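Could you walk me through this structure while I have it open in my viewer? I would like to know what to select next and what I will find there.

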Amino acid sequence: MSDLPASPPPAPPAAPPPDAHYLDPGRHHPVHPRPGLTLLVGTRKGAWFLRADRAREQWSLDGPVFLGNVVHHAVLDPRDGQTLLLAARAGHLGPTVFRSQDGGHGFVEAARPPAFPKAREGERARSVDQVFWLTPGHPSEPESWYAGTSPEGLFKSDDGGDHWESVEGWNAHPSYWDWTEDPDEQGTPDGSPLHSVRIDPRDKSHMYLATSGGGVFESTDQGKGWAPLNEGVEANFLPDPYPETGQDTHCLDLHPLAPDVLYQQNHCGIYRLERPARRWTRIGDNMPKDVGDIGFPIGLHPRDPATAWVFPMDGTDVWPRTSPGGRPAVYRTRDGGKSWERGDRGLPPEQAWLTVKRQCMAVDAKDPVGVYFATTNGEVWGSRDEGESWRCLARHLPHVYSIEAVEFPE
Amino acid sequence: MKVGIPEPLRGYTRALEVEARGASVHELLDDLERQYPGIRFRMVDEQDRLRPHVRIFVDRRRVSDLSTPLDGSEDVQVLQALSGG
């Protein structure tokens with residue numbers, strides 16, 4: 001990998017397709033889809049494609065698309081390798097979803113973006129403020145997608161992200177207002193999001209989600225009903241530090257090949273759970289005490305359920321949420337959290353106060369696995385040796401909100 | 001009647017001034033949506049509340065009630081404010 005990305009190749013402007021809903025190309029730059037590994041980078045001011053060569057040696061930036069729009073999440077559908085959705089907020093003009101069906105060359109806006117139902121008489125009215133999270137649905141439902149929003153809403157599309165419906169099993173759940181933060185009192189910047197929508201690859205009806213004000217919830221009937229799954233997870237900011245709900249899950253993931261293995265990076269540490277058990281184990285207790293186990297993202301190895309990566313941040317005092325001591329490192333476990341190894345070769349040794357948000361760590365599927373993280377100061381870092389050593393792949397981007405490692409097909 | 005469109009919404013209309021009709025601001029927004037799908041949700045949320053940075057002026061008077069009647073002779077301007085960096 002080079003220290004700095006190579007310049008993207010010049011190309012003629014893209015002609016808009018004959019579609020009345022096509023977004024004015026003046027609002028984004030043409031991109032040049034090509035096969036291979038790409039990091040989809042969502043930022044506070046647009047999205048970029050950071051493309052790798054076969055050796056993951058040279059990286060080049062393509063974009064921006066939707067410059068000036070908040071892009072919380074950019075996700076490629078692994079089922080077709082072409083449908084790409086952006087969870088966006090159009091400047092000050094509210095939330096939406098932008099869709100591409102050709103790998104990012106052209107985009108249209110969702111015909112019906114995620115929106116709560118109109119409140120009935122006597123009901124509290126909710127409006128989607130941010131579309132925050134996107135998850136492609138189960139492979140048996142090739143057009144399905146889920147979206148998480150702030151306030152904590154869950155929405156589903158059955159037509160590739162064009163029309164979105166409220167998942168009333170969550171949004172109208174009798175305990176919704178107990179499980180979520182009051183929209184008028186939300187302390188989380190940009191509101192309290194619903195995120196980490198995870199679908200059991202063995203069973204489309206079995207799902208998990210997480211929120212920043214409620215913790216982890218599980219459904220076994222494709223979102224019609226939900227139950228908390230927070231035993232053993234601390235919430236040290238509440239009078240009862242181990243409540244049924246109220247935990248602050250920062251990021252939840254399940255292992256794609258061992259879907260009974262769950263990991264979460266929480267406001268109060270790193271946890272692992274192996275179903276059908278219901279009680280989480282705080283594997284962050286095995287981190288070095290001077291580093292702690294506070295952070296936002298967690299990344300899982302695509303093949304080994306015992307391997308995961310975290311990016312610790314300072315959760316002491318007033319919570320700087322920067323690399324502890326100004327010495328950034330990624331920590332890796334290869335034994336399910338019993339022990340952790342520090343990986344900092346290539347990262348700045350001191351005076352580097354990095355913050356990495358919950359959607360800003362990604363892993364690729366190659367061997368050895370590539371691991372990536374991106375920072376609020378617009379840097380993207382990568383390792384192609386499973387976290388042993390690191391190089392900066394891009395810098396000078398806006399505040400990064402998300403990265404996803406995807407493979408565009410040949 | 002003529003409706004002034006702010007620059008951030010030009011991607012929908014391809015013009016900064018368009019023709020639309022309606023007997024109220026609400027109907028006018030519905031007509032804009034019919035002509036330019038998606039534009040209404042950028043101005044009004046799912047609870048029919050104007051988004052915080054959107055302002056509508058009818059004959060230079062700010063209107064926040066979408067049921068405000070129109071007779072077709074008005075000059076309507078949609079403006080969008082900016083804040084933050």
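Start by selecting strand E2 (residues 46-52) of chain A together with E3(A): the two pair in the antiparallel sense over five bridges. Bear in mind as you look that this is a predicted model. Within the pair, show A:Leu50 and its bridge partner in E3(A), A:Leu61. Then follow the chain through the turn: E2(A) and E3(A) form a hairpin with six residues between them, and A:Arg56 in that turn has a positive phi of about 60°.

Now colour strand E3 (residues 59-65) of chain A by burial. Seven of its seven residues are buried, so the strand is largely enclosed by the rest of the structure.

Next, go to A:Val380. Setting aside neighbours within four places in sequence, its contacts include A:Leu50, A:Leu39, A:Val41 and A:Tyr372. A:Val380 and A:Val41 are the residues with the most contacts inside the largest nonpolar core, which has 105 residues. A second, separate core has 20 residues, among them B:Val18, B:Ile39, B:Phe41 and B:Ile56.

With chain B in view, turn to where the chains meet: 18 residues of chain A are in contact with 14 residues of chain B. The chain A side comprises nine nonpolar, five polar and four charged residues.

For a last stop, select the four strands of chain A in the order E12-E13-E14-E15, an open sheet with antiparallel pairing. E12 (194-199) and E15 (227-228) are at its edges with a single partner strand each, so one side of each is left without a neighbour in the sheet. E12(A) pairs with strand E13 (residues 207-211) over four bridges; look there for A:His195 opposite A:Ala210.

Methods: Residues numbered from 1 in each chain as written. Chains lettered and ligands numbered in written order. Predicted model: local features only at pLDDT ≥ 70, side-chain atom pairs only at ≥ 80, totals over all residues. Contact = placed C-beta atoms within 7 Å. Nonpolar A, V, L, I, M, F, W, Y, C, P; charged D, E, K, R; others polar. Pairing = 2+ DSSP bridges. Core = buried A, V, L, I, M, F, W, Y, C linked by C-beta atoms within 7 Å. Buried ≥ 20, exposed ≤ 12 C-beta atoms within 10 Å, placed from the backbone.
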